[in-house]
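Please examine the sequence and the structure shown below. The paragraphs that follow proceed from the overall fold to individual residues.

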Amino acid sequence: MKSDADGDVCTAPDEYLVRVGFALGGDDGCIADARQHAAAFLDQAGDDYGLLVPARVKDLTQLVVSELVTNACKYAPGPVLVELGLSAGAVDVVVWDSDTTVPAARAADPGRIGQHGLEIVKAVTEGFSVDREAVGKRITARIALPGAPGAPGTSTSPTPS
């Protein structure tokens with residue numbers, strides 16, 4: 001079953017330029033490990049393939065990875081699987097966990113401490129989707145690269161002459 005989580009459907013690009021996956025044990029250090037894997041992946045994409053990912057996109061990718069892995073470790077028993085994909089227009093962050101519950105953003109509450117992760121992820125991504133699977137769920141979040149269609153600050157109107 002697929003949930004588009006408020007309509008921000010995130011479909012896979014036709015082709016990733018670079019892609020990596022890794023498993024985390026769900027222990028105390030797995031969130032920091034996930035952030036380090038994300039940073040290393042984007043750095044390696046630049047070093048090995050000449051794919052330049054701006055610092056802001058790297059920071060947002062690490063933030064999204066951190067928030068999604070935190071939720072997986074907090075609410076789902078067992079391992080967490082993370083996949084990172086870089087296409088010409090975006091970085092996709094995919095996190096699988098064993099819990100089938102679809103996350104939902106909570107109503108705004110300035111007095112609430114914590115539990116803002118999904119709101120943060122949805123605010124900094126161009127696409128977000130949740131796919132329920134036979135076991136667990138797969139969450140995909142897309143961070144647009146500058147200049148890509150749909151990226152913040154990208155104009156689709158022609159430049160006046």
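The account begins with the basis of the model and the order of its elements, and then turns to charged pairs, a helix face and single residues.

This is a predicted model, in which local features need pLDDT of at least 70 and side-chain atom pairs count only at pLDDT 80 or more, whereas totals for chains, interfaces and linings use all residues. Residues are numbered from 1 along each chain as its sequence is written, and side-chain values use heavy atoms, with hydrogens and water left out.

The protein has three helices and six strands; helices (H or I, at least four residues) and strands (E, at least two) are DSSP runs, numbered from the N terminus. From the N terminus on, the order of the elements is β-β-α-α-β-β-α-β-β. Of the 161 residues, 37% count as buried, where buried means under 20% relative accessible area, exposed over 50%, and partly exposed in between (1.4 Å probe, protein chains only). The protein exposes about 8800 Å², of which carbon and sulfur atoms supply 53%; the areas come from the Shrake-Rupley method with a 1.4 Å probe, and for residues only the protein chains shown count as cover. Among contacts with a separation of 6 or more, 69% are accounted for by residues 24 or more positions apart, a contact being heavy atoms within 4.5 Å.

The charged pairs come next. The count of salt bridges comes to six, a salt bridge being a side-chain nitrogen of Lys or Arg within 4 Å of a carboxyl oxygen of Asp or Glu. One of them is formed by R142 with D92, the closest N and O atoms being 2.7 Å apart. Because R142 lies in strand β6 and D92 in strand β4, this pair ties together parts that are 50 residues apart in sequence. Strand β4, where D92 is found, spans residues 90-97. The side chains of D92 and R142 also make a polar contact at 2.7 Å, a term for a pair of N or O atoms within 3.5 Å; within protein, one must be able to donate a hydrogen and the other to accept it, and residues adjacent in sequence count only if both atoms are side-chain atoms. D92 is buried at 2% relative accessibility, and R142 is buried at 12%.

Another salt bridge joins D97 to K137, with the closest N and O atoms 2.9 Å apart. Here too the strands are β4 for D97 and β6 for K137, so the pair ties together parts that are 40 residues apart in sequence. D97 counts as buried at 5% relative accessibility, and K137 counts as buried at 5% as well. E133 and R138 form a further salt bridge, whose closest N and O atoms are 2.7 Å apart. E133 is partly exposed at 30% relative accessibility, and R138 is partly exposed at 29%.

How is a buried charge without a salt bridge placed? E67, in helix α2 (residues 55-75), is buried yet has no salt bridge, and the nearest side chain of opposite charge, R35, is 7.9 Å away. Leaving aside residues up to four places away in sequence, E67 touches G117, I120 and V121.

Helix α3 (residues 117-124) has G117, L118, V121 and K122 as its buried residues. They cover an arc of only 125 degrees around the axis, which puts them on the same side of α3; the arc is that of the directions from the helix axis to the C-beta atoms. An α-helix has 3.6 residues a turn, so residues three or four places apart point the same way. The cover over the buried residues of α3 includes α2, β5 (127-132) and β6 (137-144).

In the loop between β4 and α3 lies Q115. Q115 has a positive phi of about 60 degrees although it is not a glycine. Most residues other than glycine have a negative phi. Q115 is partly exposed, at 42% relative accessibility.

H37 is partly exposed, with a relative accessible area of 37%. Not counting residues up to four places away in sequence, H37 touches F22 and L84. H37 and V65 are 28 residues apart in sequence and 9.5 Å apart in space, C-alpha to C-alpha.

Key
Lys and Arg count as positive and Asp and Glu as negative; His and the chain ends are not counted.
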